Amino acid sequence: MDHESLAAIRAAALDYFTRSGSIKRCRALMEQPAGAAAPREAPGWADLIALGWPGMLAPEAAGGLGFDLAGAAQVLRAAGEHVAPEPLLAVAGLSALLLARLESAPARALLQDLAAGRALPALAWQENAGDLSDVPLDCGAEIGPQGALLQGEKMMALPGGAATGWLVSARGGDDTVLLWVPRGTQGVTETLTRLADGEHAAALRFDRVALPAAAVLAQGNAARDALRHALAGGQILQAAELAGAGQAMLEQTLAYLRTRVQFGQPIGSFQALQHRAVDMFIHLEVARATLDEVLALADAGLPLARLEAEASRAKARCAAAALQASRAAVQLHGAIGYTQECDLSLFYKRTLRLSAWLGNVTAHQRRYQQHDAAQAETAAQTHESAAWQGEFPPRTFDWAAMPEADFRRMVRAFLQKNYPADRRYLSHRARWSETRDWYLTLSRQGWVAPAWPQAHGGMGLPADKLIAWIEELEQYGAARAPDQGIVMIGPLLIQHGTPEQQQRFLPRILSCEDIWCQGYSEPNAGSDLASLRTQAVPGHDAQGEHFIVNGQKIWTTLAQDASHIFMLVRTDPQAKKQQGISFLLCDLRTPGITIRPITTLAGEQEFCEVFFDHVRVPAENLVGQLNGGWTIAKALLGFERIFLGSPRQSQYALDQLARLAGARRLLADPVFAQRYTALRLDVADLSAAYTGFANLVKAGKPLPPSVSLLKIWASETFHRIGALLVEASEEQGAVAGDQDLDGQAFNALAPLIGATSAMIYGGANEIQRNILARQVLGL
């Protein structure tokens, strides 16, 4: 579905749930006294029949609306935002998805009844808590010419009490069979259990239940595949409902923080509470990006095993985000958040129910890890048998048309052919002398600027190929050069430079003739960058208009390798801090410049101090307007934050952890495997969030302040991976310098130490949280 159609579905769903008083109806359901009978009719179902929503996933030929998963997710997300009491997920989701994949006449008739509101079937598939397998273990059926004889038990069938019958999976000999068991069939016992949010689940016992031949809906692979597809689709829709509930809790919490007054001011002005709210926002935004990516993949069509893995990824992320939001929301509300009268209680309990049903976070992380392991084995076999054939395309190739698998093979082959073997897996930030030959190779191929538009000499990679590019380089252990020209000043000049500046500087960046560094921070002007004091005084002489620069920059990455620096300078000392700043480009070979390296915690000289003593800078090196540098600086900070928020560093550290795990067979340890998988998902979902912002850059749109969430998530994920790497290395985690691991360099400490600085440079994560709190959340 296109964006406009999805927006229209969402608007209609929000309108219905608001008009129908969904929150009030949910409260009435939840506040029923203990022991009250479960309702025999689904709350609000008659109204949904009028909207056609029971059949939203049924094809139009069956009387349905023919939504794809993305369309249905709009309804489920709105339902989550209003704690809707209707069993949409159970019936319009799971049951409809199952029946829509079956071809038998009884299944088609039942789907038509569901879409028309004449039937409310509940899926009964699960036999043991925590088991996500579709294979029935104990519930069996004897299939004969006259029908079936069903024996066994099922648990957690929803909706309990209101279902008109059950779609039951059973073992029929060596095959799986799907049966329709109408309510009232002799031999069926339904025991209802009340759940946290007032909903009821049914435990079912089938005692030699005799069913006619028409009750057999499917057998064998058709039954198994339909059930697996339905469960995966249902879990994705469940993730959408969880995302909606989490978003609603964030909005309620922000409203409370803005209005609740303590110590004479709104509590939302307290930094500690702001940062808690920002963390809610970050988790929910990453969950939203993950859900959107999984929905797009699912609707485009995936192999069944991959669909299940992506469903687990979406459910694990959205459940974790909603649970984190529910706990933080109660804490930030204080005592009122612990009361039943606060609407937050409804969302808290709904989140508990949705997170547990159809597999919790841990169960889905475990299933994702199992798929990941199988995929890695397949990829290794494919890697051996499917080498890249042919020439490497020029930068102007139509990259969007190349399948991702082919693109990855091509990048791998290029690395194997051209990347220096002795430069793989460097444990330190590479110097220009170590990476010069590699970057010149990329330059000759036209691949040195993968994210730049082709019109300006780049590859113009779409976001998915850019992620693949990053992953392949990191997995191969390719070092990152001093690349501020590629990732920062180049994109800035493309957007804000004059045509003359673009013609003068961009080709020399692409040819690697000019190497750039950044001059922002100063002593006492780090996070408070607008306090900078380096001065540039305009002047004129026989050589023309110029600036004379005096001052000092600090924490300038690899300035000793650079030929040029872009920097912020104060050109109007009398103006307000941000209004008197300009943006200059300077050749570091200009007289009056002194560079002094700084030794870091890692023992490397990665950063420098740069001193300017009456340095002459031509006036044509001013980017933007005089005293308009703060606007340019903010644009560049956006580029910096999206670069620092890329998956690159985290992917590198994860690859090091995977190398160690493979060498020591650590994945055989279930505790390590669980922790590794959680981090693997953190990186995968970082990629999803990164893609959205990268698409904005590619479209030439300004980056919003919310880009700060990328830097926070990326650097803190990087740090968590580094910490586990040190822990998993055991005694070798205390070894300084490189070690040997399967014939390649390995440094257990480097990612952790690197991540420590990553949470500081580019604006400390605490400052990024302040930006999000004020500019995004309005606190």
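Which handedness does the crossing of H4 and H5 have, left or right? The crossing is left-handed. A crossing gets that label if the near helix is turned anticlockwise from the far one by less than a right angle, and is right-handed if clockwise.

1. Basis. This is a predicted model, where local features need pLDDT of at least 70, side-chain atom pairs count only at pLDDT 80 or more, and totals for chains, interfaces and linings use all residues. Residues are numbered from 1 along each chain as its sequence is written, and side-chain values use heavy atoms, with hydrogens and water left out.

2. Helix pair geometry. Helix H4 spans residues 69–81 and helix H5 spans residues 88–100. Helices (H or I, at least four residues) and strands (E, at least two) are DSSP runs, numbered from the N terminus. The H4 and H5 axes lie 11 Å apart, at an angle of about 165°. Axes are lines fitted to C-alpha atoms, for helices over the stretch in contact, and angles run from 0 to 180 degrees between N-to-C directions. H4 and H5 are therefore roughly antiparallel. That term covers angles over 145 degrees; under 35 is roughly parallel, 65 to 115 roughly perpendicular, and the rest oblique.

3. Helix pair contacts. From H4, Leu69, Val75, Leu76 and Ala79 meet Leu88, Leu89 and Leu97 of H5. Contact means heavy atoms within 4.5 Å. By class, the H4 contact with H5 has seven nonpolar residues, no polar and no charged ones. Ala, Val, Leu, Ile, Met, Phe, Trp, Tyr, Cys and Pro count as nonpolar, Asp, Glu, Lys and Arg as charged, and the others, Gly among them, as polar.

4. The structure holds 46 salt bridges. Each is a side-chain nitrogen of Lys or Arg within 4 Å of a carboxyl oxygen of Asp or Glu. One of them joins lysine 154 and glutamate 127, at 3.0 Å from N to O. This pair links distant parts of the chain, 27 residues apart. Lysine 154 sits in strand E3 (residues 147–157), glutamate 127 in the loop between strand E1 (121–124) and strand E2 (140–144). Lysine 154 counts as buried at 3% relative accessibility. Glutamate 127 also counts as buried, at 16%. Buried means under 20% relative accessible area, exposed over 50%, and partly exposed in between (1.4 Å probe, protein chains only).

5. A pair within H9. Glutamate 310 and arginine 306 form a salt bridge, with the closest N and O atoms 3.0 Å apart. They are four residues apart in helix H9 (residues 304–333), so about one helical turn separates them. Glutamate 310 is buried at 5%, whereas arginine 306 is partly exposed at 27%.

6. Arginine 589 bridges to aspartate 587, with the closest N and O atoms 2.9 Å apart. Arginine 589 is exposed at 56%; aspartate 587 is partly exposed at 25%. Salt bridges with shared partners join Glu293, Arg306, Glu310, Arg313, Arg317, Asp682, Asp685 and Arg720 into one network.

7. Asparagine 765. This residue is in helix H22 (residues 765–776). Asparagine 765 is buried, with a relative accessible area of 1%. Beyond its neighbours within four places in sequence, asparagine 765 contacts Lys711, Ile712, Ser715, Glu716, Ala758 and Met759. Its C-alpha is 7.5 Å from that of lysine 711, 54 residues away along the chain.

8. Alanine 736. This residue lies in the loop between helix H20 (708–728) and strand E19 (739–741). Alanine 736 is exposed, at 70% relative accessible area.
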